[in-house]
Amino acid sequence: MHRGWSGPGRGPGRGQGRGGWQQADLPPAEDAAGWLHGRLPDGWFTGAPEVRVDREEILIVGELPALDEEFTDDDAGRANRAAAVAGRIARFREQTRDERIDIALQAQHRYRRKVAWGARLGEVEELFTTLSVPVMTRLRQPERIVLDTLVDAGVARSRSDALAWAVKLVGEHADDWLTELRTAMSKVDELRGQGPTS
């Protein structure tokens with residue numbers, strides 16, 4: 001599980017958490033995966049769902065039971081399999097809607113973050129109603145030129161879209177490094193919480 005942003009601030013005037021005063025009273029969510037493991041109905045997923053947490057959102061993605069049907073290894077078979085997977089995910093989404101809403105409301109009350117859902121079946125993952133959060137930043141001309149190049153080339157529709165694309169690309173290609181960074185931040189949080197001993 002990705003860690004939430006909790007822990008003491010790093011400078012004067014900053015509250016709890018790396019987000020500054022805006023995140024000062026945001027409760028920690030390190031136990032969200034455990035709480036959800038106990039709260040989710042048996043049989044929804046083949047195992048414990050993946051739980052991803054950040055400052056704004058808790059995303060719960062579970063693996064659905066595999067399809068029983070056999071599909072031929074040709075274009076028609078692959079198309080039928082893709083349709084069956086899409087149908088199975090749609091069925092899960094519809095049949096569990098009311099209970100997912102109830103669980104999400106409980107989790108939102110407990111962790112003060114929005115809750116989103118997803119389902120995975122084999123290689124296919126579909127996310128349901130996830131948040132899109134605006135993030136403000138200031139860029140100098142060289143960075144703006146990069147974004148404008150992506151827009152002019154048709155890779156992105158706008159600077160905002162180009163920035164989201166660039167962040168996604170970095171995340172895909174730097175996953176190991178980001179994991180090490182999160183682990184290191186976790187250790188820093190622990191040490192900061194202990195404080196100096198007398």
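**Exercise 1. Aromatic pairs**

Task: In this predicted model, find how many aromatic pairs the whole structure holds. Then classify the pair of tryptophan 44 and phenylalanine 92.

Solution. 
- Step 1. Searching the whole structure gives five aromatic pairs.
- Step 2. Take the rings of tryptophan 44 and phenylalanine 92. Their centres are 5.7 Å apart and their planes stand at 85 degrees.
- Step 3. Planes over 60 degrees apart count as edge-to-face. The planes of this pair are at 85 degrees, so the pair is edge-to-face.
- Step 4. Tryptophan 44 sits in the loop between H1 and E1, and phenylalanine 92 belongs to helix H2. The pair therefore ties together parts that are 48 residues apart in sequence.

**Exercise 2. A second ring partner**

Task: Classify the pair of tryptophan 44 and tryptophan 117. Then decide whether tryptophan 44, phenylalanine 92 and tryptophan 117 are buried or exposed.

Solution. 
- Step 1. The ring centres of tryptophan 44 and tryptophan 117 lie 6.0 Å apart, with planes at 75 degrees, so this pair is edge-to-face.
- Step 2. This pair links distant parts of the chain. Tryptophan 44 is in the loop between H1 and E1, tryptophan 117 is in strand E3, and they are 73 residues apart.
- Step 3. Buried means under 20% relative accessible area. Tryptophan 44 has 11% relative accessibility, so tryptophan 44 counts as buried.
- Step 4. Phenylalanine 92, at 8% relative accessibility, counts as buried.
- Step 5. Tryptophan 117 has a relative accessible area of 4% and is buried.
- Step 6. Collect the rings. Trp44, Phe45, Phe92 and Trp117 make up one aromatic cluster.

**Exercise 3. The nonpolar core**

Task: Which residues touch the most other members of the largest nonpolar core? Which elements supply at least two residues each?

Solution. 
- Step 1. The largest nonpolar core has 25 residues. Ile58 and Trp117 touch the most other members.
- Step 2. At least two residues of this core come from each of H1, E1, E2, H2, helix H3 (97-111) and E3.
- Step 3. Look at what surrounds tryptophan 117. Leaving out residues up to four places away in sequence, tryptophan 117 touches residues including Leu40, Trp44, Leu59, Ile103 and Phe128.
- Step 4. Nonpolar side chains tend to be buried together in soluble globular proteins.

**Exercise 4. The sheet**

Task: Work out the strand order of the sheet. Then say which strands stand at the edges.

Solution. 
- Step 1. Start with strand E1 (residues 50-53). Four bridges join E1 to E2, and the two run antiparallel. They form a hairpin with three residues between them. Valine 53 stands opposite isoleucine 58 in E2.
- Step 2. Move on to strand E3 (residues 114-121). E2 and E3 pair in the parallel sense over seven bridges. Isoleucine 58 has valine 115 as its bridge partner in E3. Glycine 62 stands opposite alanine 119 in E3.
- Step 3. The four strands form an open sheet, E1-E2-E3-E4, with mixed pairing.
- Step 4. E1 and strand E4 (124-128) each have a single partner strand and stand at the edges, so one side of each lacks a neighbour in the sheet.
- Step 5. From one strand to the next, the twist averages 20 degrees.
- Step 6. Check strand E2 (residues 57-63). Six of its seven residues are buried, so E2 is largely enclosed by the rest of the structure.

**Exercise 5. The whole chain**

Task: How many helices and strands does the protein chain have, and what is its average pLDDT?

Solution. 
- Step 1. The protein chain has six helices and four strands. Along the sequence the pattern reads α-β-β-α-α-β-β-α-α-α.
- Step 2. The pLDDT of the protein chain averages 83, and 87% of the residues score at least 70.
- Step 3. Residues 1-22 have a pLDDT below 50.

Key: Residues are numbered from 1 along each chain as its sequence is written. This is a predicted model: local features need pLDDT of at least 70, side-chain atom pairs count only at pLDDT 80 or more; totals for chains, interfaces and linings use all residues. Side-chain values use heavy atoms; hydrogens and water are left out. Buried means under 20% relative accessible area, exposed over 50%, partly exposed in between (1.4 Å probe, protein chains only). Two strands pair if DSSP finds at least two bridges between them. Axes are lines fitted to C-alpha atoms, for helices over the stretch in contact, and angles run from 0 to 180 degrees between N-to-C directions. A nonpolar core is a set of buried Ala, Val, Leu, Ile, Met, Phe, Trp, Tyr and Cys residues joined through side-chain atoms within 4.5 Å. Contact means heavy atoms within 4.5 Å. pLDDT is the predictor's confidence in each residue, from 0 to 100. Rings of Phe, Tyr and Trp (its six-membered ring) pair if their centres lie within 6.5 Å; planes under 30 degrees apart count as stacked, over 60 as edge-to-face and the rest as tilted.
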